Amino acid sequence: LFDFPNANGDGYKIWLPDTLSVWDVMCRFTVNSDTRDVCRYLVTRGIRLRTLKLHPPGMPHPDRNLVPPFCSLGKREQGYQGDKYDYAAYEEIRAAHLFSQWNRVALLKGGIVWRLAIDSLGEMGIESAVRGPSLTANIFGMWTQLRDATGHLGPDTYIYDELTDADVMLISGEYQVPAGK
């Protein structure tokens with residue numbers, strides 16, 4: 001977990017899932033580097049990360065059962081074969097979804113989801129990703145408590161944005177087609 005200073009006062013921390021990414025950041029940045037610069041570096045390279053914000057004490061945690069509005073490419077009949085018009089429609093639906101509040105989360109995801117988000121959003125999406133957790137993280141987001149070096153849970157709770165499985169399916173272009181008999 002990195003806690004760099006932030007000139008914009010966003011007050012978020014950066015979490016990285018693997019030691020290689022941590023090592024990369026430690027070699028490239030100093031403790032005085034701005035959080036947004038570090039985040040921008042990671043996002044432009046498709047490196048998975050989370051931006052965590054301290055959850056105010058006394059406020060309820062986000063409800064993990066509450067899901068954001070659902071968007072899907074829908075179901076197709078058995079034997080369905082897509083064509084160029086279906087692909088064009090998928091790109092349009094994906095772009096519309098990514099131009100909502102979920103664009104930043106897709107860019108933080110890394111991998112193929114990041115690649116598809118960059119394809120739709122271009123460089124302009126990166127600036128939204130480096131702002132830290134969205135305002136809806138308090139409602140639809142996830143929360144966590146971090147462990148210290150001894151393995152004990154710390155007293156602070158952090159919130160962050162996360163894509164649902166439905167979001168990933170939509171961004172990836174997944175249609176539901178029944179299997180054969």
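**Packing of helices, core and aromatic pairs**

Tyr41 is buried in this predicted model, with a relative accessible area of 11%. The ring of Tyr41 forms a pair with that of Phe29, and because the planes meet at 70°, with the centres 5.5 Å apart, the pair is edge-to-face. Tyr41 belongs to helix H2, whereas Phe29 lies in the loop between H1 and H2; the pair therefore ties together parts that are 12 residues apart in sequence.

A search of the whole structure finds two aromatic pairs. Besides Phe29 and Tyr41, Tyr87 and Tyr90 form a pair, which is tilted, with 55° between the planes and 5.5 Å from centre to centre. Tyr87 and Tyr90 are three residues apart in helix H3, so about one helical turn separates them. Tyr90 is buried, with a relative accessible area of 6%, while Tyr87 is partly exposed, with a value of 45%. Arg50 lies over the face of Trp15, at 4.7 Å from the ring centre. Arg76 lies over the face of Tyr80, at 5.4 Å from the ring centre.

Helix H1 spans residues 19-28, and its buried residues are Ser21, Asp24 and Val25. These three cover an arc of only 95° around the axis, which means that they are on the same side of H1. Thr19, Leu20, Trp23 and Cys27 are exposed on the other side of H1. The buried residues of H1 pack against helix H2, residues 35-44. At the N-terminal end, H1 is capped by Asp18, which has a side-chain oxygen 3.3 Å from the backbone nitrogen of Leu20. Leaving out residues up to four places away in sequence, Val25 touches Phe2, Phe4, Leu16, Val38 and Leu42.

Val25 is also one of the residues with the most contacts inside the largest nonpolar core, which has 33 residues; the others are Ile14, Cys39, Leu42, Val43, Leu49 and Leu107. At least two residues of this core come from each of strand S1 (12-15), H2, helix H3 (84-98), helix H4 (103-109), helix H5 (111-121), helix H6 (124-129) and helix H8 (165-172). H5 provides the largest share of this core, with six residues.

In H8, the buried residues are Ala166, Asp167, Leu170 and Ile171. Seen down the axis of H8, they fall within an arc of 130° and so line one face of the helix. Among the elements that cover these buried residues are H3, H4 and H5. Gly173 follows H8 and has a positive phi, near 85°.

Thr51 is located in strand S2, which comprises residues 50-54. Thr51 counts as buried because its relative accessible area is 2%, under the 20% limit. The side chain of Thr51 makes a polar contact with the side chain of Arg104, at 3.0 Å. When neighbours within four places in sequence are set aside, the residues in contact with Thr51 are Tyr12, Lys13, Cys39, Arg104, Leu108, Gly132, Pro133, Ile159 and Tyr160.

Terms used
Residues are numbered from 1 along each chain as its sequence is written. This is a predicted model: local features need pLDDT of at least 70, side-chain atom pairs count only at pLDDT 80 or more; totals for chains, interfaces and linings use all residues. Side-chain values use heavy atoms; hydrogens and water are left out. Helices (H or I, at least four residues) and strands (E, at least two) are DSSP runs, numbered from the N terminus. Buried means under 20% relative accessible area, exposed over 50%, partly exposed in between (1.4 Å probe, protein chains only). A polar contact is a pair of N or O atoms within 3.5 Å; within protein, one must be able to donate a hydrogen and the other to accept it, and residues adjacent in sequence count only if both atoms are side-chain atoms. Contact means heavy atoms within 4.5 Å. The arc is that of the directions from the helix axis to the C-beta atoms. A nonpolar core is a set of buried Ala, Val, Leu, Ile, Met, Phe, Trp, Tyr and Cys residues joined through side-chain atoms within 4.5 Å. Rings of Phe, Tyr and Trp (its six-membered ring) pair if their centres lie within 6.5 Å; planes under 30 degrees apart count as stacked, over 60 as edge-to-face and the rest as tilted. A charge sits over a ring if NZ of Lys or CZ of Arg is within 6 Å of the ring centre and within 35 degrees of the ring normal.
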